[in-house]
Amino acid sequence: TWELTYACNLACVHCLSSSGRRDPRELTTAEAKGVIEELERMQVFYVNIGGGEPTVRKDFWELLDYAIGHDVGVKFSTNGVRIGRPEARRLAATDYVDVQISLDGADAGINDAVRGTGSYDMAIRALDALAGEDFKNPKISVVVTRHNVSQLDEFKALADSYGATLRLTRLRPAGRGADTWGED
């Protein structure tokens, strides 16, 4: 797992890394490529990229291509902010890429209370784009809390409607998640 950036367009109340602002010590493109080269030498076949929101890095697509070109597959977690039809088309045409869209409510009311206003629609637009470009087996990632546990059936139906795998995780007391640990 590689937190490529702490920069993020959202401020989710349960964020493990308290993301939001880019760390001034963030790796440069050249340094990140060096990490990828090291992963290749170590014969790491897959890296899980998160953050923050990895797609907000200007070099994200360059680094994704670089990793795949060096036999390191990429799984990345995103809130969907930069996944439109062109990006979905590119992803659908690329081997060794796995995309995980984060949702924390099966409807906008529950999701947006956790992730921010408009975040549900943004994630659904990304899922629509992936489906429209025939991207195979996207993932929907849900942090299960007392606020959304009653929606598990709706999450499953949503995942099924996109041919997606539903991935359930637990809230962990780290980052901003530590601040809401007793509430969720």
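Buried means under 20% relative accessible area, exposed means over 50%, and partly exposed is in between (1.4 Å probe, protein chains only). This is a predicted model, in which local features need pLDDT of at least 70 and side-chain atom pairs count only at pLDDT 80 or more, while totals for chains, interfaces and linings use all residues. Residues are numbered from 1 along each chain as its sequence is written, and side-chain values use heavy atoms, with hydrogens and water left out.

**Aromatic pairs**

- Searching the whole structure turns up three aromatic pairs (Phe, Tyr and Trp rings, the six-membered one for Trp, with centres within 6.5 Å; planes under 30 degrees apart are stacked, over 60 edge-to-face, the rest tilted).
- One of them is Phe-60 with Phe-76, an edge-to-face pair at 4.9 Å centre to centre with 65° between the planes.
- That pair links distant parts of the chain, 16 residues apart: Phe-60 sits in helix H2 (residues 60-69) and Phe-76 in strand S3 (residues 73-78); helices (H or I, at least four residues) and strands (E, at least two) are DSSP runs numbered from the N terminus.

- Trp-61 counts as buried, with 15% relative accessible area.

**The cluster**

- Put together, Phe-60, Trp-61 and Phe-76 make up one aromatic cluster.
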